[in-house]
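Please open the model in your viewer and keep the sequence panel beside it. The stops below say what to select next and what is there.

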Amino acid sequence: MQIGTSQFYATGASQLGKLSAQADTLNTQIATGKKITAPSQDVVAYNRLSAIKQANADNTAYASNISLAKSLLQQSDTTLTAVTSQLQRAAELTTQAANGTLNDANRKAIATELQSIRDDLVNLAGTTDARGQPLFAAATGKGAVTQAADGTVTFDGTGEVPAIPVGDGTDVRATDSAQRVFGGISDGKGGTTDIFAVLSTYISALNAGGTATATAASGTAATAIQSALNQVSDVQGSVGARAARLDIVSSQATDAAGAREVDRTALEDTDISTAIVDLQKTMTILQATQASFTKLGQLSLFDYLK
């Protein structure tokens, strides 16, 4: 019988080292609550956890964008409701002004109220959002509308503001340009105009006096104002649809985040109860192995030969 002393000690030391390392790992998992702290422990799981963490970071950014978009759409809806109220009042006034029994003084009084409505519409068009930016800004330009000294209103810039990303491959346009809300109204001659110009022309006609002029101008203005009301209603309907879409996207993001958390927990979190039991088993085996190794290491050659 040959006894390899070096091999005996090497094998024993290796076994004790493995058990000690296993105990250290379990202790770390219990202390940190994490099963994986380095790629070497489980490459596949570590990569999956990295992907989950990136997805969570993206979701946080998207959630912020969704919150912003919802806020802008809500403000748009509120502002468009105010615009509709002003236009409805303007429509009522055109009906009154068309009454042939009114005199020039009566029509001038209506013109004065219409001027107030026009001014209110200009102010509504220039509404700023929570960020201090024009709510109805275009893709280009600095504002929404500009009113010259003579009262003429022009739109700043052209195009719609780019949509806001609210998910992977998903975006929502949170605002509409002033041109889309207040412009694009048929002028009855094959072209388009805007509600500010419509009201300005109508106000001038009422101030000019004369029943025939007022009646004709009222008919033209009534048609244009109704067109403007229809357009604002369409925009407001679109705003509502986009807000509803955001609710769906937000709900889907919440569900996806919950699913990722389940995956993350399964991959990363330590089952404390199981880890404690495993640690106790490992420590028992380690202690028994240490005791056996010590006892065997103390035996002499004569003990082996007995």
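## The whole chain, then two stops

Show the surface of the protein chain, whose accessible area comes to about 16800 Å², with 54% of it belonging to carbon and sulfur atoms (Shrake-Rupley method, 1.4 Å probe). This is a predicted model, in which local features need pLDDT of at least 70 and side-chain atom pairs count only at pLDDT 80 or more, while totals for chains, interfaces and linings use all residues. Residues are numbered from 1 along each chain as its sequence is written, and side-chain values use heavy atoms, with hydrogens and water left out.

Switch to a cartoon, where the protein chain has 8 helices and 6 strands (DSSP runs, H or I of at least four residues for helices and E of at least two for strands, numbered from the N terminus).

Next, select Asp176, in the loop between strand 4 (170-172) and helix 4 (178-182). Asp176 is buried, with a relative accessible area of 1% (buried means under 20%, with a 1.4 Å probe and protein chains only).

Finally, move to helix 5 (residues 195-208), whose end C-alpha atoms are 20 Å apart. Among the buried residues of helix 5 are Ile195, Leu199 and Tyr202, and after the helix comes Gly209, whose phi is positive, near 90°.

Definitions and conventions:
Buried means under 20% relative accessible area, exposed over 50%, partly exposed in between (1.4 Å probe, protein chains only). The expected span of a helix is 1.5 Å times one less than its number of residues.
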